[in-house]
Amino acid sequence: MKIYLMVKTMKMKILFTVIGSMFLLHASAQQYEALKIPSDPVSGKRSILTYKAESTLLSAQEVLLATVYFYSRSKQTGEEKVGLVKKKDTWNGAFKIPDSTVLLSFVFSTADGKLIDNNHNKGYLIPVYEKGKPGAFSYASMAAILGGGPPDAAGLKKDQKQALVFMKEEMRVHPESEAKLRSSFYNMLANSPEREDKVELLKKLNELKSDKEEDLMMAQLYLSYFGGKRQADSLDRLLIEKFPNGNYMKTKNRQAEGAAHKMTSESPKVSSQENSINKADILKNVQENQVDEPLSPLTLKDLKGNTVSIGTGAGSGKVIVLDFWATWCKPCIASFPAMQKVMEQYRNNSSVQFFFICTMEQGDAIKNANAFMSKNAYPFTVLIDEKTDDMNLYKAYTGCKAEGGIPYKLIIDGKGHVRSRKVGFSGNEEELITELSAMIDMALKSNKQ
């Protein structure tokens, strides 16, 4: 039976201007001044393109090529070079669209590639059609390309506003896509600077039907963030009742334990013996929750574009600490001072290495992470997680079998095996330092066995 969320929010009317509506229609049709596709492109079929170079920087060229990039959802699956033939004032070419393609991206260039036209870094993006309309996930793939996903071959400029326009168009053309893309879509609405997008998010939370714990947790989080305390409290009770052993309760229990520990440690009546008991409990808990699970190798890039490999055979026997975070995640940021202190403890130990993986980032992940690190000057090695074919998932976060959200910390021993996991941050720096240090020490000890 589906759980129906009836969230009462203040009545706010979303206003769409005539210009905004026309812009959405333009995005839907995806016709450009320079590029025309005479008939709807269909997966598995040949298609024709017509290019008018007179309005571009290629107008004076005698030989032109088109490069067509094919996307299956948000992943590029191939490309084709198309020689163009000039007829009067247009250039024409033909190409075949591979099966399972949902999106086409075009770049026009001279034969030597020194001059290119990619629509002023905005891209020539064309949805592949199915049953007379743009196929499912075609506009969502456009949103992923412009919204901060992996770098695309066409070198397009990231544009969060346009990305959200494309995502809204996906929902308009394929309402059934929302269930699969809800996390990405709602995050985009939440991070939009436009007031009406926040209103739309609250409206969707009003109408949300779901029996999934992660959906209810997401709704509870957004309502808490946007000041809907009564509604958030209602969902809190619902989550506790429906999922007594779920991730929500695990997170609440960890937060409660952290708050209790903080109150105890800050009380003037607490003796040093009681403090040692609390530390002993933390160490015992770390010991009891040790695991020994092989980790599939991971390859990510740092903020400078350098490739970093993590996993089996990586690190030359080093213990690796992974910290999954995002610039919008307040608990993640709150835990950083403690993480810096842990790093300081192992500064002279060359057998311990720390990586901070920016994941689930909304917008341009590299730009956001760079801006944050420049402002805060933490001595962290930051890696950028990548979206998978399933646009709700991320390569490293999923590969590490993460659950319960972020912050999420992982300790890997010198053999490439996961030894400890930690989800969340209670707000108690001393507790985190003690717990993480114990995890690292146990992983170091396992290296010698």
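A residue is called buried when its relative accessible area is under 20%, exposed when that area is over 50%, and partly exposed in between, as found with a 1.4 Å probe on protein chains only. At 2% relative accessibility, glutamate 169 therefore counts as buried. The model is predicted, so local features need pLDDT of at least 70 and side-chain atom pairs count only at pLDDT 80 or more, while totals for chains, interfaces and linings use all residues. Residues are numbered from 1 along each chain as its sequence is written, and side-chain values use heavy atoms, with hydrogens and water left out.

Side chains of opposite charge can pair when their charged atoms come close. Here a salt bridge means a side-chain nitrogen of Lys or Arg within 4 Å of a carboxyl oxygen of Asp or Glu, and the structure holds 12 of them. One joins the side chains of glutamate 169 and arginine 172, at 2.8 Å from N to O. Both residues lie in helix 3 (residues 160–173), three residues apart, which is about one turn of the helix; helices (H or I, at least four residues) and strands (E, at least two) are DSSP runs, numbered from the N terminus. Salt bridges also link Lys168, Asp197 and Glu200 in a network.

Another pair is lysine 341 with glutamate 429, whose side chains meet in a salt bridge of 3.2 Å, N to O. Lysine 341 belongs to helix 10 (residues 330–345) and glutamate 429 to helix 13 (residues 429–447), so this pair ties together parts that are 88 residues apart in sequence. Lysine 341 counts as partly exposed at 45% relative accessibility, and glutamate 429 is partly exposed as well, with a relative accessible area of 27%.

Now turn to strand 20 (residues 408–412), where five of the five residues are buried, so the strand is largely enclosed by the rest of the structure. Both of its faces are covered, with Tyr408, Leu410 and Ile412 buried on one side and Lys409 and Ile411 buried on the other. Two strands pair if DSSP finds at least two bridges between them. Strand 20 pairs in the antiparallel sense with strand 17 (residues 319–325) over five bridges, and valine 321 stands opposite isoleucine 411 there. Strand 20 also pairs in the antiparallel sense with strand 21 (residues 417–423), over five bridges, where leucine 410 has arginine 421 as its bridge partner. In the hairpin of strand 20 and strand 21, four residues lie between the strands, and glycine 416 takes a positive phi near 85°.
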